[in-house]
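The following exercises concern a structure with two chains and are to be worked with the sequence and the coordinates at hand. Each task is followed by a solution in steps.

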Amino acid sequence: MTAGPGKIETSTATPPSARGRALWARIGVSPVVLLLVAVLLLVIVPPLIFLIKTSFYTTTFTGAFDKFTYRFYSGLVRDPKFATSLLNTAIYAIGSACVAIALGVVQAWIVERTNTPLRKYVFLVAIVSLGIPSVLYTISFLLLLGKSGPVNEVLDFFFATGRSGINVYSMWGMIVIEGIDFAPLAFLLLSSVFRSTDASFEEAAMMCGANVARTFRRVTMKLALPGVYALLILIFIRAFESFETPAFVGRPGGIYVLTTNIFENIQVDEPPNYGQAGAFGVALLVIVWGLLYWYNQLSRRAERYQTITGKGYRPRVMDLGRWKYLTAGVLVLLFMIIIGLPVGIVVYASLQPFYEGVSLGGFSNMTLANFAQILKPGSFRDAIINTVVLGVATASVVGPFTLLCAWLAVRRYRGAWLLDQLATMPLIFPSIVMGAAFLQVFLESPVPLYGTLLSIIIASSVRYLPYGMRYSYAGVLQVHNELEEAAALAGASRPKTFLKVVVPLVAPAVVTCWVFVFLVSTKAVSIPILLAGPDSQVVAVTMFDLWENGQTVELAAVGVTWAAFMTVLSGLFYVMARRYGLKFE
Amino acid sequence: MRNGIIRVGGWASGLAAAAVVLSLGAGPARAMTAEEILMYKGADREAVLLKGARKEGRMVIYSSLIVNQMLRPLTEAFKKKYPFLEVKYWRGSSGKTFRKVTAEMRAGKLVADVVEGSGITGSIVKAKIALPLWSPELAPYPKKFNAADGTWVTTRFRYIGGAYNTKMVAPADVPKTMEDLLNPKWKGKIAWRAGTSSSGQLITITSLLLAWGDKKAEAYLAKLSKQDPVPLHISNRGVVDRIMEGEYAIAIGASAHHPLISARKGASVAPMLLNPVPSLNGTISVLKGVPHPHAAMLMVDFILSKEGQALFQKAGYFPAHPGVPAAKDLQQVVPSIAGKEEFFVDPMALLNTTKKSKKLASKYFK
């Protein structure tokens, strides 16, 4: 272009940065979204593919892939083992969900809608129990209810039942123990349902002459019912995927569910039957996916029961008069069943030289030798360090990652809906199936990852992405777009807006998410149990191994130490949460 | 020029010093492979192993030995002897251990240096994953209990017997033969370990098949199934603990010495030997891809030495070393001393019979 006299030279060449932006604008997708989608695909697709591939191959003597076959799938239909396990799983899931809901409803109503004394401690107890590994919890109930436990001893004393008064290694044993294990979670979720019910409906009922009991039955419960149904299904799904209780309680009684079948195919069968485990895993995945779909449909219809109306609402606390001492007694009883007795027996066992049931002689035999043993430098110390690292790493990966994904999705960036879908997808993987799938990935991986703590962190992070998404999504939804628009008008770039405006505002949600993921990832056993090696032992697996190796009193000492540690942490989180106004629903 | 002479002198003495240092550090002409280290018979073997182990810095053992009783004391004693080594152990049943090492080998990253176990030998041989080894400590051991090709050596013996709760079973009622177990009063009160080929349900069936033949064994099992023995998916030690706790009256297919060890501490449990008494060996192997071969051989030497075998004796195991007898109070479960019929289950026979045993187990028992 030559500039001649009288001509004004204008350049029509676009500057490089504008060209770059124009190119991206044509593609329409932000590079950040692409990157996040790629990462999610990288961690979700291989396990899924390997799981499916495994289900089509028999296994050699040394655990490698052998021959292609359909027989594991035809076996699902023809083999009565699958049908029996499926039926057992369904019965177990429904039963434990009902027990958990029953206990949860009672506690939630007492805490949220009455003036019972002591009710504010129920939250603390619930949060603390979230940090106790299910392995320890289940074992404590086995110590309490087993043949040599105090319950059978008392029954024998009064009714001469000869140590067989109750057999805990049965379906009802599984249902009761799992139901009690879920009760704190049920309480936490139900308390928000009860809290947000508009009191004017109940006041209207009482003005018409209904007493407390009638109002509860015909108004309160009916309004809470959709929330209760949704929770029932959620707990049903969780029980479907549950592993610890069926492993410790069901197996000795010969009762198998799908998760324990998968576990035994991999960890017990000689040679390991990865193909069968894969087929069961895929079947379980499909079932859980179906259940979740049904749950989503139900949740949508539950909106019809909204009780938070435009008018101001405040939940009404009922004055129970002298009945409040009875309800306080109920709370204390539930506290004993849910926390007091299990912790008590574990503490007792941890102070014994060897465990022979509870007896007066046992009290005089008490010794601190088990604690001295486990606190020496050695594998338990390593396990604690590994577990804390696992929790911190998983939570620190899931929190920020899902926050970014949620923000992109809520602000409707092109293609970000895919982030939401992918990050929620791991929900269909029961933990043990995810562990089995990742096991195959790591065994075949060119990078040596098998047996490392990093491998457990990866699998754990993928597993808890959906939980992170849920907290982050809810948190971002609360931030109105206009704040970011104001920042943009003031000249801030998008990343800067995100860091300086959005993050501080959603901090409570992110912190809640971090704490929750930390707690659940440290207590889980079904992922690390298939992936852990001698260098990557975590506390939950250590406890599992100690029980299998018959080291009851050492297990109790490990359990007490770890539970004390987690209680202190949970207590700290609770105090912080109260201070900063966080909610755990 | 004076400087030049001094400089040359300095240079020459530097060279000479270097030559001396190099010759001091010279060992074998080049680095040895793992196979060579394991089979090294040179006069300087001890020095070579120590030097190599110092560089390696770590030794990991996988074993089915009980942690409190043996595995921990063993590794602690080993660490005392070689304080420059980081010593790690992992305890698992034979099946679990085999699965773990094959998975590690598939992933290209074997972690275990030494694999010890009773019941794992046949699998290791069949999978052809062990390396031949040699140790000067092997001299006193009878050759018939070790692999001809050196891929495994026997470290201990194990006798399979039962256990009973002394508070629940009167001395007159204690079963003395396999047939005594068929007495109706034991229905529902017998427990055995399930899920592993070298203990409990499966070893009982395997040894009966090998000792009595298929027909007699199966006829017996059909009768035993009417007694509803309870399967326990826990370790042998765990099974005996359940008897101690009073959950069941009798256990069969357990390690005969476990109840004796608990009885030493005052627990109400005692062993019982029923003819034929199966005996198994515990062996030690080093696998292909071993990460720390020098340290591995130091451990093999230690376990086979009189010092190491004495630890087995003290912990209540049955040492394989001819010069180290079992502890006095345990000798009552050594079949030859107790006047019982011993039946040695060869590792390969164990491996080959297990399939049949599993079929019979699922046919007759839970």
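In chain A, 40 residues of domain 1 are in contact with 37 residues of domain 2, two residues being in contact if their C-beta atoms, placed from the backbone, lie within 7 Å. The model is a predicted one, in which local features need pLDDT of at least 70, side-chain atom pairs count only at pLDDT 80 or more, and totals for chains, interfaces and linings use all residues. Residues are numbered from 1 along each chain as its sequence is written, and chains are lettered from A and ligands numbered from 1 in the order in which they are written.

**Exercise 1. The two domains of chain A**

Determine which helix gives the largest share of the side of domain 1 of chain A that touches domain 2 of chain A.

Step 1. List the contributing helices (DSSP runs of H or I, at least four residues, numbered from the N terminus). At least two residues each come from α2 (31-54), α5 (121-130), α6 (134-145), α8 (171-195), α11 (244-250), α12 (258-267), α13 (274-301) and α14 (323-350) of chain A.

Step 2. Find the main contributor. The largest share of this side of domain 1, seven residues, belongs to α13(A).

Step 3. Sort the side by class. Ala, Val, Leu, Ile, Met, Phe, Trp, Tyr, Cys and Pro count as nonpolar, Asp, Glu, Lys and Arg as charged, and the others, Gly among them, as polar. The side of domain 1 of chain A that touches domain 2 has 30 nonpolar, eight polar and two charged residues.

Step 4. Domain 1 of chain A covers 49-367 and domain 2 covers 371-585, with bounds from an automatic or database domain assignment. Their centres, taken over C-alpha atoms, are separated by 22 Å.

**Exercise 2. Two helix pairs in chain A**

Describe how α4(A) packs with α10(A), and how α5(A) lies relative to α14(A).

Step 1. Take the angle of the first pair. Helix α4 (residues 80-113) and helix α10 (residues 212-241) of chain A pack at about 140°, with axes 8 Å apart. Axes are lines fitted to C-alpha atoms, for helices over the stretch in contact, and angles run from 0 to 180 degrees between N-to-C directions.

Step 2. Assign the class. Angles under 35 degrees count as roughly parallel, over 145 as roughly antiparallel, 65 to 115 as roughly perpendicular and the rest as oblique. The helices α4(A) and α10(A) are therefore oblique to each other.

Step 3. Identify the residues that meet. Among them are A:Tyr92, A:Ala97 and A:Trp109 in α4(A), and A:Phe216, A:Leu232 and A:Phe240 in α10(A). The contact of α4(A) with α10(A) divides into 16 nonpolar, three polar and one charged residue.

Step 4. Turn to the second pair. The axes of α5(A) and α14(A) come within 12 Å and cross at roughly 10°, so α5(A) and α14(A) are roughly parallel to each other.

Step 5. Name the partners. A:Val122, A:Val125 and A:Ser129 in α5(A) meet A:Leu331, A:Phe335, A:Ile338 and A:Ile339 in α14(A). By class, the contact of α5(A) with α14(A) has six nonpolar, one polar and no charged residues.

**Exercise 3. The two domains of chain B**

State how chain B is divided and what classes of residue form the side of its domain 1 that touches domain 2.

Step 1. Survey the chain. Chain B has 14 helices and twelve strands, a strand being a DSSP run of E of at least two residues.

Step 2. Read the assignment. Domain 1 of chain B is 34-157 + 281-319 and domain 2 is 159-280 + 335-364. The centres of these domains, taken over C-alpha atoms, are 29 Å apart.

Step 3. Examine the contact. In chain B, 16 residues of domain 1 are in contact with 15 residues of domain 2. On the domain 1 side, α6(B) gives the most, with five residues. The residues of this side of domain 1 of chain B divide into four nonpolar, eleven polar and one charged.

**Exercise 4. A glycine at the chain contact**

Decide whether A:Gly451 is buried or exposed, and list its contacts.

Step 1. Locate the residue. A:Gly451 lies in the loop between α19 (431-444) and α20 (453-477) of chain A.

Step 2. Apply the cut-offs. A residue is buried if 20 or more other C-beta atoms lie within 10 Å of its own, exposed if 12 or fewer, and partly exposed in between. A:Gly451 counts as buried because it has 23 C-beta neighbours inside 10 Å.

Step 3. List the contacts. Apart from neighbours within four places in sequence, A:Gly451 is in contact with A:Gly533, A:Asp535, A:Ser536, B:Glu104, B:Lys109 and B:Val111.

Step 4. In total, 31 residues of chain A are in contact with 35 residues of chain B. The side of chain A that touches chain B has twelve nonpolar, 13 polar and six charged residues.
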